[in-house]
Amino acid sequence: MNEPTAYGRPAVHETAAVEVHTPAPLTPAHTAPLMPVQPGTIPAVASVVLPDGRVVTGYAIEPAKPEPVAHKPAVSRAAVNIALGGAGFLAVCGGLLMLTTFIAALTALVTQLVILAAVVFGGWIAVQVFSASGHSGGTTVNIRKAVIKRNKFYG
């Protein structure tokens, strides 16, 4: 009933409800030389008595301690950046709206000034043209037919 295993030792099979199997080692695809590493501290050896009376001895395995969780802010940084970008966008839109309103008002002002200048200048020209028929002072020159004979002026 004892069958040889890969280690050359016979495997022990009990007829009881518990069977013990001896594992066969796996050969890795590539063998790298193993480097022995000394542990920092010598682990404690623990022995446990099973309910059926067997004693299992081995090193105690300490449970893995999770790393402390870093304090996370209530609001993620990405959400804050998105909100600030939205606020900046609204400020820019408001500024652009004010800029276009200012440009429209400035255009209307320049247009009104040009029209006012045209009306005033046109009125001044009209006054000059229509008031030229009546003399309001100045020098009056009467031109008569003059005769020049032999370099002598007869006027």
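In the predicted model, both F121 and W124 are exposed. These two residues form an aromatic pair of the stacked kind, with ring centres 6.1 Å apart and an angle of 25° between the planes. The centre-to-centre value falls within the 6.5 Å limit for pairing, and the angle is under the 30 degrees that count as stacked. The count of aromatic pairs under this criterion is 1. F121 and W124 are 3 residues apart in helix α1 (residues 77–130), and therefore about one helical turn separates them.

The helical part of the chain was also examined against the sequence record. An unreviewed UniProt entry carries the annotation "transmembrane region" for residues 78–97 and 103–127. In the model, residues 78–97 are 100% helix and 0% strand, with 28 Å between the end C-alpha atoms. For residues 103–127 the content is likewise 100% helix and 0% strand, and the C-alpha atoms at the ends of this segment are separated by 36 Å.

Strand structure was considered next. Strand β1 (residues 45–49) pairs with β2 in the antiparallel sense, and the pairing comprises 5 bridges. Within this arrangement, S47 is positioned opposite T57 of β2. The hairpin of β1 and β2 has 5 residues between the strands, and in this hairpin G53 adopts a positive phi near 100°. Strand β2 (residues 55–59) lies largely in the open, because 0 of its 5 residues are buried; a residue would need under 20% relative accessible area to be counted as buried.

Key: Residues numbered from 1 in each chain as written. Predicted model: local features only at pLDDT ≥ 70, side-chain atom pairs only at ≥ 80, totals over all residues. Heavy atoms only, no water. Phe/Tyr/Trp six-rings, centres within 6.5 Å; stacked < 30°, edge-to-face > 60°. Helix = DSSP H or I, 4+ residues; strand = E, 2+ residues; numbered from the N terminus. Buried < 20%, exposed > 50% of the residue type's maximum accessible area, 1.4 Å probe, protein only. Pairing = 2+ DSSP bridges. UniProt positions renumbered as here; feature names shortened; annotations may be inferred.
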